[in-house]
Structures are given as C-alpha cells and as structure tokens.
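Subject: Structure handover

Hello,

I am passing this structure on to you. Please open it first, then read the notes below.

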Amino acid sequence: MMKHWKSFFCVTVMLMVLSGTSISMAADIVVGYTGPLSGPAAEYGQDILNGVDMAVKELNAAGGITVGGKKYMFKLEKLDDRVDPTQAVNNARRFKSNGAVAVFNGVFNTLAPMMRINEEKGNEFILMAYTSTPKATTMGNKLMVNTTVTFTTYVEVFTDWAMSKGWKKCAMVATIGGYGDEWRQAFKAQWQKKGGVITADKPANYYTETDFSAPLTAALATKPDCMLIGGPSATTALVIEQARSMGFKGGFIMLDQAKQDNIAQLLKGVKMMDPLIGTGGVVSVPMPGATIFEKKYTAAYKRMVTWECALNYTGMHALARAIKAAGTTTDVYKIRAAFPKAFPMLGDKFPNEVFGINAAGRMLIAASVQTISNGKSDPSGLYFWWPTTKKEFDKTKKQTKATKNPTIWLKAAL
C-alpha cells in the first residue's frame, strides 16, 4: 500500500512540474518591462532594463521579500516595443495576463496609452514611469509611480545659465513625440519670457532617425547662438557631431533625456560638446552607493552607468519595499498607497537618493545639473525642487549623502 502512495506522490509532483504549477512559481512576483530594445533608441531602453534587472537579481540573491509570512522572489519579463504605442499596450496586457503587479517603461509616447489601461477594473497594474514630462503626473493616474525629476526644473535652470552666457537666439532641434513636444513648448515659453528669440523649431525623430542634416541645415540657416537638442543619448551624440561638422560653433542646451556622460563616451570626450548645459551624470554626484553601484553594474553589464539604469534600479528596490510594507503582492492600490513608507532611500546604499513621493506619484529626487565650459566638465549642482520652505530644504540637505556637490534650493535660486 505504501508503494502505491509513493508512486502516486511522485506522479503528482511530476505532473505539477510539467504543467508549470510548482510551489516556487506560485511565489513569484512578476514585473514587466516594455521599451525600445532594438532600433536607434535601443541603448536607452537597454539601460532602463538593466537597472531593473540588476535590482531584481540583488533582491532574489538576498532571498526575496517576506509578505504575510511567505517568501516571494521576483520574476522580470521583458518585451521590445520599438517605441510603438500599440505594441507597448499589447506588451503590458501580456504581462498582466502573466500576473504582473507592475510594468516599467521609459518613453512618454508609450507611457501615455498604457496609463489609459492600467486602471481597468480587474486588470490593474502599477506603471513604473521613467519620464520627466509634467503631463505624466497631471493625468490623474492613481497607479502611476514616476522615478525621475520633472523637466520644468531643468527648463528654468538651463535658460538662466544660457542667458548668462549672452545667448539670445536659439534654434530648437529636439526630439518629436509627447515628451519632446512638451519640452519644446515649455522651453520656448521660458526663453521668450526672459527676452530670448526662437529662430527655428525643427523637431526630429531621435528614436528612428540617424541622419539629422535636414533639420540642422534649416536651423543653422537662422544663425542661432545656441541650439536646444536632445532625445536618447546615442542619437543626440549624432546631432552634436553632425552640427559641428556643418560648422556650428555655438552652444548646446540639452534635454534631460540625453546624458552628457554617455555622449562624452560616444564622442571620445567633451570637446565637441563645449559649451553645453544638461543633466549631470551619476558619477558626477559621488556618494558611497553610487560608487558601489558603478563597480557592480559595469562588471555585470560591461557598459557605463547612466541615470536610466540607476534611477530604475532604485525604483525597483522602492517597489519591493512598497510591496513588503503593503503586506500584499496582489492589491496594487494598497501597494501604491504604501510607497511613502519606502523612503527615504539615501546615497549610502543607492546610486541616487529619493526623499519621498508626492501625491501625484513623482518621486522626490534632486535634479542634477552640469555644464561643460573651457573644454572640461564642471562640477554638478543638485537642485532640490520640492521644498516649499527653507526649513524643509534644510532638513533635506541634512539627510543627503551628496556632500561633495553644491546643493541648491530651487525656490530661492530663481
């Protein structure tokens, strides 16, 4: 009789394994990533994916997380969408059908349509949005978490610096799409408000194109002092290279999506970029967590550290903390509500710092600004954009581990 029971048990276990219903799989928390993994924007998309992947591997190597007395591991699923909104939505639905609690994405063109489906009753998921466009936090999505700074901070700081250089005439050759369109509109309004002139607006598709001679020719014909450029870093580097080869000797104001440390690597230095203002790189804000992250990341992925990988790495860790704090792996509204309990996340352990999250879902992260002048990169400054009082700013300043960089209260700076 005992032999029959042993045989029955073995057959049952075998059937469970073959059908994919194992105990370990039941304890998986599925997280999805959809983004550009092929085409001109592939480097940008891969960096975001790598950051999430590295965090997932670290969490799992540490034994996962315990929720309700049960151990859970994370399972990361990835799909290429080539910045196609329809494909991104289809990918998100596929992740959800596999039980995904959250989906990461870093392009507003694809985030916006996903924000129209992630609150569908019975199919809800948290959207981990990596975009600086202010529209992302004005759409009223209750299940969105934004893992980067709003670009309005950069618009204000960048225009002030450019005006201090004596630049008055600016031609815009920035990327198209929801993010690029909103950036150009905000910049144009701020530039003109401060007495500047927009000589041309010639947007280009930085996600699909590699030859920017047509928009650059039209822009340079207006003899600008500077140009507003930017999109994914790889194609932004091409714009800079092509503009210089066409004789442009003015300055660059660079959208925050483009990262100057990455571009400097592609262009073999900063000489071609000078003079320029843009976001400062991860390593330009030296903190213990950033140093450790850079060493681990470069060893694991054989590529340089960017904000794309760093911010999404921290975002994934924040998601894990929120799930644990919520005490559920399935109720996405409870998980979203628990995000404030995940913070602060400081630079002694993480490559970037998060001091909290606002009601609209944007994480409170300092804006890193760096300029290039006289053939070299200048020190990065950190702009704290959310404190409404000096007392709140002073409290944040005491918390930060970024002690080697100037810290500026944006409200007082403007």
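**Cavities**

The largest cavity has 32 lining residues, and those nearest its centre are Thr148, Val149, Tyr154, Trp307 and Leu311. A cavity here is a set of points, on a 1 Å grid over the protein atoms alone, where a 1.4 Å probe fits but cannot get out; lining residues have an atom within 4 Å of a point.

A word on the source: this is a predicted model, where local features need pLDDT of at least 70 and side-chain atom pairs count only at pLDDT 80 or more, while totals for chains, interfaces and linings use all residues. Residues are numbered from 1 along each chain as its sequence is written, and side-chain values use heavy atoms, with hydrogens and water left out.

The volume of the largest cavity is about 340 Å³. Volume means the space filled by probe spheres set on the grid points, which are joined across faces, edges and corners. Helix H12 (residues 307-326) gives the largest share of this lining, 3 residues. Helices (H or I, at least four residues) and strands (E, at least two) are DSSP runs, numbered from the N terminus. By class, the lining has 18 nonpolar, 10 polar and 4 charged residues. Nonpolar covers Ala, Val, Leu, Ile, Met, Phe, Trp, Tyr, Cys and Pro; charged covers Asp, Glu, Lys and Arg; the others, Gly among them, are polar.

The whole structure holds 2 cavities of 30 Å³ or more. H3 provides the largest share, 3 residues.

**Largest pocket**

A pocket is an open set of grid points with protein on both sides within 12 Å along at least five of seven lines. The largest one has a volume of about 280 Å³. It is lined by 18 residues, with Glu58, Tyr313, His317, Lys349 and Phe350 nearest its centre. H3, helix H11 (288-301) and H12 each give two or more residues to the lining. H12 has the largest share, 5 residues. The lining divides into 10 nonpolar, 3 polar and 5 charged residues.

**Overall build and cores**

The chain has 15 helices and 15 strands. Its C-alpha trace spans about 90 × 50 × 40 Å along the principal axes. Buried residues make up 57% of the 414 residues. Buried means under 20% relative accessible area, exposed over 50%, and partly exposed in between (1.4 Å probe, protein chains only).

The largest nonpolar core has 115 residues, of which Leu319 and Phe339 touch the most other members. H12 supplies the largest share of this core, 11 residues. Such a core is a set of buried Ala, Val, Leu, Ile, Met, Phe, Trp, Tyr and Cys residues joined through side-chain atoms within 4.5 Å. Leu319 touches Val31, Ala102, Phe104, Ile126, Met128, Ile335 and Phe339, leaving out residues up to four places away in sequence. Contact means heavy atoms within 4.5 Å.

Tyr179 lies in helix H7 (residues 177-193). Its relative accessible area is 6%, so Tyr179 is buried.

Gln370 is in strand E12 (residues 367-373). At 9% relative accessible area, Gln370 is buried too. Leaving aside neighbours within four places in sequence, its contacts include Gln260, Leu276, Ser284 and Asp378.

**Backbone points to look at**

Most residues other than glycine have a negative phi, and most peptide bonds are trans. Which peptide bonds are cis here? One joins Asp274 and Pro275, with omega about -5°. Another runs from Phe343 to Pro344, with omega near 10°. Pro275 sits in the loop between helix H10 (260-266) and strand E11 (276-279).

Arg82 is not a glycine, yet has a positive phi of about 50°. Val83 also has a positive phi, about 60°. Arg82 is in the loop between strand E3 (70-80) and helix H4 (85-97), and Val83 is in the loop between E3 and H4. Arg82 counts as exposed at 53% relative accessibility, whereas Val83 counts as buried at 14%.

Best wishes
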